[in-house]
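Colleague: I have a few quick questions about this model. Can we go through the helices and then the side chains?

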Amino acid sequence: MKTFNVISHTHWDREWYFPFEQFRLKLVDTIDNVFNILEEEPEYIFHLDAQAIVLEDYLEIRTNKRAQLEKYIKEGRLIVGPWYVQNDFYLTSGEATVRNLLIGKEIAGDFGKCDDVGYAPDQFGNISQLPQILQGFSIDNFIFGRGYQFYDNVDGEEVLAKYNTEFVWQGPDGSQLQGIYLRCWYNNAQRFSENIDSSMALLAQNENSFEGMVPSNELLMMNGVDHLQAQENLLPIIKNMNNALPDDKQIIQTSMHEYINKVKDFYEAHPEERAKLNIHNGELRAGKNTNILQNTLSSRIYLKKENARIQNLLENYLEPLYTLIDASGAKDKYPQEHLRFMWKELIKNHPHDSICGCSHDYVHNNMEDRFNRITVFGEELLKRGMDFLGAHINRDNLNKDDNIICVFNPLQDVRSEVVNVEVDFAEEENIEGIRLYDPSGNEIPFIVTKKERINKDIYSSINLPGVRTVDRLFLQFEASDIPGIGYKVYTVKKYKGSQKLNVTKEMFVSEGELENSHLKVTITDDGEINLFNKTDGITYKNILTIIDEADVGDLYRQRKPRGDKLFAVKDLKPQIKLVTDNELEKSYKLSYDFMLPKDYDFERDIRSQELVLNKLDITLSLKKGMEWLDIKFDIDNKSIDHRVRAIINTGMKNDISNSLIPFDIVSRDRKEILNGINNGDQPNSGFISVSENNQGIAILNEGIYEYEHYIEGEGSIALTLLRSVGYIARWYDRLEEISPKMITPGGNVLRKINIGMAIYPYGEDSSGELLKCTKAYQCPVLPYVQSADLTKYVGGRPAVQGTWVSEIFYREDKYKYVDYKLEKGFIKVENDNVVISAFKKAEDGSGIILRVLNGEDKPNTFSFTYCNEISSLEQVNLNEEKIKELSYTNGKMDPIVLKSKEILTVKFN
């Protein structure tokens, strides 16, 4: 029996070419309409795009409709979840995707029922670890619309090949899903006509389109598309169509869950057919630019940078810090609701058209505001956490006028880093000099880079705000051997005697040199940068340059015009300025007057003859012990219709580049990836590396997602720093046909862009080491200064409205029992190739969650040691549901073997 399975749905872009509130009004209309249909048609089923956020958005307007939603969701007639939003998988972290599902499943479950279908119709490619992630939420299937296009070469032309739309998708750990590709998109049955002949013709067209490609004979008919309301007359039309179909065919309205079950049942009953199915390994990114829309990786790059930064704030600072505090006895200090609020707000910026930067300017203005609000909220939480940690450091050997510097390391490895801090002394203390000591009482060398007198604001929850005049010293020192997921406390003590300042006088030079124990960098007077790796004795000549090229595409796709003229800084002579120069750090700034075409002349099909100044500063820094060259780019963009790229010249002939993507490192052949696509731009989420003969170069970054391994030359890798295009979608030879809602001046990014990367030469390739190195680059240790006298800067001032009370009030500390040592680590992972992904409280608050990734293509043992005794330990899935008990001895987990690329989550108390 051939069955046409009709799935009534709407694909709901929460915001896109209209702002969110405009789409919300349409959402209210859509759900109201569905309610009317569900009341009149007791068999009707409707899918709300596998999202749960639409329920919240709807109820903020229709506040009295929750019971109605619950009724239909429990009945399985209104289908929601498992996602909170339909996020982009490459531009959001693996943890963000996990939290998206955690939140979506919980919300949908609270309404009565969460769907178990992995439906992602419109994401611009799908990450390789999605099979393992979905399996971690007991989802064994995936229905999707992009990333599975393959081509045959017919007489020199690329023609879309015929292949089964049903296949097995396998992740790098071996996890498998039943894959269903929406070859004819998610609107192949967008709306059926009451004219039976028209509807039967639509059915025949679909049958012909799927001919020979659906072994199960279960044809998927997607009844709906973006933002469309449900078809109210569907069921009578289906009844009439069934009467016209032969006995060996039927058409039904059903759910995706039931459809998937029928497909799985077919293959269970026909194992010989299952054996024929294609097993697709790795990413689903096959297709031309029009399918993958890969240049959304660089559209509005300022959004990508902010998102990456806030993800790190949540995953690698706030959650580990407060888990550390919780583990020390302050059980009610973990801000579960606060962190959930932050995650939900952040994920609201993760829908594919939002974080991809391809929406209305109004949408992205709101996103920036949301990022700013999350930042303020998160940084205040971070300050409170560090303040609590510092306030409970043991003060037995401190004087009241001492200061402590608590250096927090949020990552798993012991680390040594140069840090910068600001230490305040009250004006009346008449500070002359200081000394710095480690927890063992050893004196530590430091540099005072600046001293100034300022008015310090003081805020209190029980006194009025106040101000205190202080002398502020700006210190730089090397914080050594900070324990993994732990801290180390340094003490600042006064001493009599003048303090020597070590401030670099900024000065222009003709050329420069940076050097530490690992690297030596030379900068010639014409701006050529040469990097010498002392470990292997190799020099990388002209390691970095910048090019600018025309872009006549749109926010989805970069397009190069014929005969484009490149502009490069190698043709310019920079001003070179020495910025910092001391025993701990040295840096130079290279400043370019980058004269670029103002725009693109579409009538003449050439770049504008008018040139405008785009200031470009490149700051190169080396600190003591740093294994990479730190690079900061400051671009004041004044041009449009162009793309600015940093070119890293590795000198390596290897065709393979390795790229970090969420929960995986993938290898890409620069020749093979060009099959079937229009350009070689590919995603990364933290590093790209290329190696040969046991030597490699990794390019570390935070928020620079688009790279290209150039097909010509020896190992040149381009990273996009800026793409400036002013349309959501355009066809540059038909500008007059562009809809006004597709015009987005904000996409031109006429603003200052500040973004960074690092060049890291390494020896023998180690996936785990590169993963940890990327995290270390993105998440430096965090120093926090606090007076040994906890009342010094928290009192504020007394009331002044005529009251006789002039007292400053202080609250008694209810956590007096919490007493931290001067140095402590909380978690130690025994295998260098196993990397911590999450260290947090369980969602239900009942224990601690530790999630790790085996970063290698081979099994690895895993064990960890905890700072306290363990009373229970179990393996849980990503939904934090128990799988099995694990064995442990006191505070150490007994070793287990992780599969290649396995993500493991454990829960313990």
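Colleague: Is the crossing of H1 and H3 left-handed or right-handed?

Modeller: H1 and H3 make a left-handed crossing (the near helix is turned anticlockwise from the far one by less than a right angle; clockwise would be right-handed). This is a predicted model, where local features need pLDDT of at least 70, side-chain atom pairs count only at pLDDT 80 or more, and totals for chains, interfaces and linings use all residues. Residues are numbered from 1 along each chain as its sequence is written, and side-chain values use heavy atoms, with hydrogens and water left out.

Colleague: At what angle do the axes of H1 and H3 cross?

Modeller: Roughly 55°, and the axes of H1 (residues 20-40) and H3 (residues 66-74) come within 12 Å. Axes are lines fitted to C-alpha atoms, for helices over the stretch in contact, and angles run from 0 to 180 degrees between N-to-C directions. Helices (H or I, at least four residues) and strands (E, at least two) are DSSP runs, numbered from the N terminus. H1 and H3 are therefore oblique to each other (under 35 degrees is roughly parallel, over 145 roughly antiparallel, 65 to 115 roughly perpendicular, the rest oblique).

Colleague: And how are H11 and H14 oriented to each other?

Modeller: H11 and H14 are roughly parallel, because their axes cross at roughly 25°. The axes of H11 (residues 301-327) and H14 (residues 361-391) come within 10 Å, and H11 passes H14 in a left-handed crossing.

Colleague: New topic. How many salt bridges are there?

Modeller: The count is 80 salt bridges (a side-chain nitrogen of Lys or Arg within 4 Å of a carboxyl oxygen of Asp or Glu). One of them joins Arg99 and Glu95, at 2.8 Å from N to O. Both residues lie in helix H4 (residues 94-110), 4 residues apart, about one turn of the helix.

Colleague: Is Arg99 buried or exposed?

Modeller: Arg99 counts as buried, at 3% relative accessibility (buried is under 20% relative accessible area, exposed over 50%, partly exposed in between, with a 1.4 Å probe and protein chains only). Glu95 also counts as buried, at 1%.

Colleague: Which residue does Glu549 form a salt bridge with?

Modeller: Arg643, with the closest N and O atoms 2.7 Å apart. Glu549 lies in strand E24 (residues 544-550) and Arg643 in strand E32 (residues 642-649), so the pair ties together parts that are 94 residues apart in sequence. Both Glu549 and Arg643 are buried. Salt bridges that share partners join Glu549, Arg643, Arg645, Asp681, Glu706 and Glu708 into one network.
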